[in-house]
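Please look through the structure below before reading on. The paragraphs that follow take it piece by piece.

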2 protein chains.
Amino acid sequence: NMLAEWAFRSGPIFVKALLFFSFTLGQITICSILMLFFSFLLFILLWSAMALTQVSSNKCAGGFQKVFEHDSTELKCKMKFAIYLPPKAETDKCPVLYWLSGLTCTEQNFITKAGSQLAAAEHGIIVVAPDTSPRGCNIEGEDESWDFGTGAGFYVNATQDPWKTNYRMYSYVTEELPKLINANFSTDPDRMSISGHSMGGHGALICALKNPGKYKAVSAFAPICNPVQCPWGQKAFTGYLGADRSAWEAYDATVLAASYSGPQLDILIDQGRDDQFLSASQLLPDNLIAVCSEKKIPVVFRLQPGYDHSYFFIYSFINDHIKHHAKYLNA
Amino acid sequence: NMLAEWAFRSGPIFVKALLFFSFTLGQITICSILMLFFSFLLFILLWSAMALTQVSSNKCAGGFQKVFEHDSTELKCKMKFAIYLPPKAETDKCPVLYWLSGLTCTEQNFITKAGSQLAAAEHGIIVVAPDTSPRGCNIEGEDESWDFGTGAGFYVNATQDPWKTNYRMYSYVTEELPKLINANFSTDPDRMSISGHSMGGHGALICALKNPGKYKAVSAFAPICNPVQCPWGQKAFTGYLGADRSAWEAYDATVLAASYSGPQLDILIDQGRDDQFLSASQLLPDNLIAVCSEKKIPVVFRLQPGYDHSYFFIYSFINDHIKHHAKYLNA
């Protein structure tokens, strides 16, 4: 991957130098052959960096639910992601909804439990669900807790050792993954949106708030709304970003909303009222809503009586969320 | 459980004998106390036989997805089952759809992956999904293969050692479980139906065909239609029912359909055309369809191009199946 990166950056300059060399010396034939050879090498290197290996493919709701593996340049490890391709993607370019999962999840939880495919098929939306952290990096302590390290990337770019080399989930989900998806599937790169659950709800909110206009819509299930104020967030941010709390604010939805200036963002949030993590003050939606009210950012916040933090809750309202995204993606 | 069964059968006679004894001897006071004591004992024993322990409860699609554990008298072990209670069950008696799962499944697969709850809520149907075999009976060889023993009860009453004591899934799903459900939940005992997947599709078909009129509707996903003719069925039936093939026919949907006489049974079957077990001749739907055509049993058989044997396939068409059952359950 280092080699691919080098080739990507230095390749065009190298080709130009070769061109210059060939014309000044007039040795056109030999240089043309050299140019062809190096262009071919460059192509192979770029291709291998973008290469996807299909892990599984299942017909679902008229389209295909697939899982791919690739070498991530941001995370410097193999990563899996799931992608649902609606029937419409066979003939048209479709918008893409990115789904970010919660603590301990892989790319599997959402695609097997949420029941999103029928609505995605109906609205012609591609749904991409990445894994929640780098895996198998052999970092000391990566598997010690369920809420830090493996399965708990928190969608930040770590600045602290030993995490900073691999734990760059923010750049992965906002930059590398969309590039990869747009290069390999029938997408409309101008129409993307983002959603997620719990830690992934936090991820969806910060990705949208930090990149005004990039995502046409955002929604979340039981998001961690104010991580700098809750135990989960404080533990993760201390580990990934260090003790200086000012560095944490760049990844806190409530702080980011307070300074948001960009195109209007309609946020849909569903929250179970009987969610154990709501009462444990891990989610703190009131803090986000207060800031959004002040800043006149429209939030539809639905406190759903009786619902908990599980995928049974997500399944119950996923159709509403897909519809919310379709409204903006297919506008 | 043996004690409970004894108490259930002999209890009323015992009470009558006590009554007779008390009146003939005129020792009314002492005998009344004895009667009270034994009645209380009987009540406790019956109650413990029918007692349910709630394992989990999650609000879902407006109702509740629950899992319970109980001591099964048929299977002589602890059994779990899942039950979805639609919002309507809070105020009304609802019909019950029994779902039988396939090889290796527990009560969890269907409730987390099939996405049936929204449609069940809409049509006011209770959905009960039992486990697929007795568990933890410490029978030699029970965990040796994935297609026999644990997770592979095949919905028969075993006649062979060492299986015959516990492996009585046919009586469990057709008798004990409905009694338990009707005694503990807001059901209409006259309105029940049955469905299932693969081994559970076989189970659903034989339960309906062996009990004319008991189930108002039947449907199946990729059912094993003619187990006496396929490797899975032959292995299971040899183990549970012995080498005499004539004993197998009592549990074969194709054989049973040939001699069915009862109320009209509208069968809905969905089958993935790219199902690996279809091409491996494990499912043999053509054999069942041929017999049903001959016998004028109406079968809607939908061969779904591109679909495989997975829950992605079930999820894609579960709404149609719930609707099929609702048509007969809510008629």
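Predicted model: local features only at pLDDT ≥ 70, side-chain atom pairs only at ≥ 80, totals over all residues.

A:Leu97 has A:Val127 as its bridge partner in strand β5 of chain A, and A:Ser193 as its bridge partner in strand β6 of chain A. Residues are numbered from 1 along each chain as its sequence is written, chains are lettered from A and ligands numbered from 1 in the order in which they are written, and side-chain values use heavy atoms, with hydrogens and water left out.

Strand β4 of chain A, residues 94–100, is joined to β5(A), residues 126–130, by three bridges, and these strands run parallel. Six bridges join β4(A) to β6(A), residues 187–197, again in parallel. Two strands count as paired if DSSP finds at least two bridges between them. Helices (H or I, at least four residues) and strands (E, at least two) are DSSP runs, numbered from the N terminus. Seven of the seven residues of β4(A) are buried, so the strand is largely enclosed by the rest of the structure. Buried means under 20% relative accessible area, exposed over 50%, and partly exposed in between, with a 1.4 Å probe and protein chains only. In a regular strand the side chains alternate between the two faces of the sheet.

A:Tyr240 lies in helix α7 of chain A, residues 231–241. A:Tyr240 counts as buried because its relative accessibility is 0%. Leaving aside neighbours within four places in sequence, the contacts of A:Tyr240 include A:Phe148, A:Trp163 and A:Tyr167; contact means heavy atoms within 4.5 Å. A polar atom of the A:Tyr240 side chain lies 2.7 Å from the backbone oxygen of A:Ala152.

Some loop residues have backbone features to look at. A cis peptide bond, with omega about -5°, joins A:Asp161 and A:Pro162, and A:Pro162 lies in the loop between β5 and α5 of chain A. In chain B, a cis peptide bond joins B:Asp161 and B:Pro162, with omega about -5°. A:Thr104 is not a glycine, yet has a positive phi of about 75°. A:Thr104 is found in the loop between β4 and α3 of chain A and is partly exposed, at 48% relative accessible area. B:Ser198, also not a glycine, has a positive phi near 60°; B:Ser198 is buried, with a relative accessible area of 3%.

How are the two chains related? Chain A can be laid on chain B with an RMSD of 0.2 Å by a turn of 180° and a shift of 0.0 Å along the axis. That is the relation of a two-fold axis. Copies are superposed by least squares on the C-alpha atoms of residues with pLDDT of at least 70 in both. A:Lys113 comes closest to the rotation axis of the residues of chain A, at 2.5 Å (C-alpha).

The contact between the chains takes 24 residues from chain A and 24 residues from chain B. About 1,900 Å² is buried between them, and carbon and sulfur atoms give 58% of that area. A:Lys59, A:Phe312 and A:Tyr315 supply 38% of the area that chain A buries against chain B, more than any other three residues. Buried area is the accessible area (1.4 Å probe) that two parts lose on being put together, summed over both. The copies meet through the same surface, because 100% of the interface residues of chain A are also interface residues in chain B.

How values were computed: Polar contact = N/O pair within 3.5 Å; in protein donor to acceptor, adjacent residues only side chain to side chain.
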